[in-house]
Amino acid sequence: MTSSLVTPLKNSRVGAAVAAALCALALTSCGTEAAGGGTSAGAGARNGAARIAAPAPVATPTATPTPTAPVGDPADDPRLTPAQQAAELRLLELAVDLAEPCAGGPPPLPPEVPDGPPPAYGEKPPAGGPSGPPLAEEEPPSEEPWDFERARQETELGDIETCVAPRHGKRIAKALDGKADPALASVEKVLHGLGYDVDYRLHGPQEVNGKVEFTLDLRFMGGQLCLTGRYDGTRTSFDPYGASPEVRCTDVKRRA
């Protein structure tokens with residue numbers, strides 16, 4: 001009976017599929033013997049159906065590829081919108097204001113240039129006049145390939161950034177501690193209200209071990225300050241560290 005069903009369907013794709021399924025069930029049923037030495041068609045059909053209905057293997061997630069080049073300063077991206085540029089400028093101004101006491105006041109003004117025309121080409125400046133510092137010779141570009149593992153090592157913070165890190169932390173803790181819910185949306189709203197609303201400089205918030213964690217990229221004008229905060233609903237703790245501008249703050253391999 002099987003052959004009579006298969007023959008008329010040979011010329012169509014649907015018929016070929018049905019024929020293949022019938023043949024598979026027929027072959028499966030032939031391989032199972034009943035207790036009396038015969039073949040149990042029901043058992044074979046069940047085995048065939050089980051094989052057809054078996055779930056496909058679950059694909060394992062692929063690992064994040066290792067960067068092969070420096071990420072660069074995201075503030076230099078020409079695709080930034082005017083709103084992003086304005087937010088970057090506001091955060092830069094905030095960082096400068098907080099760092100000013102740590103630097104001992106505003107930066108000194110450059111030395112005054114004496115009056116009078118500049119010396120002619122090839123002419124030496126007058127005796128006793130300012131000659132200026134010697135020009136530094138440009139170093140030849142390094143031929144050593146960029147190494148992500150080397151770039152992601154934690155760096156040492158300078159005195160100013162070591163001083164300014166807790167100043168950022170205190171103003172954030174003042175707005176969070178005991179006032180905001182330990183929820184991602186609540187913490188993000190507070191951070192945005194404090195001026196930390198630049199999307200590429202605020203990583204998170206996210207839940208880690210029952211706390212709300214976030215990382216701020218505060219590397220301005222060649223700085224290296226990254227600041228990770230954790231809020232448990234009552235108080236906020238902070239962990240400042242240094243990072244190369246070639247990697248993201250979240251890529252840094254922290255010291256033990």
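Q: Leaving aside its neighbours within four places in sequence, which residues is Arg219 in contact with?
A: This is a predicted model, where local features need pLDDT of at least 70, side-chain atom pairs count only at pLDDT 80 or more, and totals for chains, interfaces and linings use all residues. Residues are numbered from 1 along each chain as its sequence is written, and side-chain values use heavy atoms, with hydrogens and water left out. Contact means heavy atoms within 4.5 Å. By that test, the partners of Arg219 are Arg201, Gln224, Leu225, Cys226, Ala243, Ser244, Pro245, Val247, Arg248 and Cys249.

Q: Is Arg219 buried or exposed?
A: Arg219 sits in the loop between strand 2 (211-217) and strand 3 (225-231); strands (E, at least two residues) and helices (H or I, at least four) are DSSP runs, numbered from the N terminus. Buried means under 20% relative accessible area, exposed over 50%, and partly exposed in between, using a 1.4 Å probe and protein chains only. Because its relative accessibility is 10%, Arg219 counts as buried.

Q: Which side chain makes a polar contact with the side chain of Arg219?
A: A polar contact is a pair of N or O atoms within 3.5 Å; within protein, one must be able to donate a hydrogen and the other to accept it, and residues adjacent in sequence count only if both atoms are side-chain atoms. The Arg219 side chain reaches the backbone oxygen of Val247 at 2.9 Å. The side-chain partner, at 2.9 Å, is Asp217.

Q: How many disulfides does a search of the whole structure find?
A: A disulfide is a covalent bond between the sulfur atoms of two cysteines, and here the sulfur atoms must lie within 2.5 Å. Cys102 and Cys163 form one, with sulfur atoms 2.1 Å apart. Another joins Cys226 to Cys249, at 2.0 Å from S to S. For the whole structure, the search finds 2.

Q: How many residues apart in sequence are the parts tied together by Cys102 and Cys163?
A: The S-S torsion of Cys102 and Cys163 is about -75°, so this disulfide is left-handed. Cys102 lies in the loop between helix 4 (82-99) and helix 5 (148-151), while Cys163 is in helix 6 (residues 159-176), so the parts tied together are separated in sequence by 61 residues.

Q: Where are Cys226 and Cys249?
A: Their link is left-handed too, with -70° about the S-S bond. Both Cys226 and Cys249 are buried. They are 23 residues apart: Cys226 is in strand 3, and Cys249 is in the segment after strand 4 (236-242).
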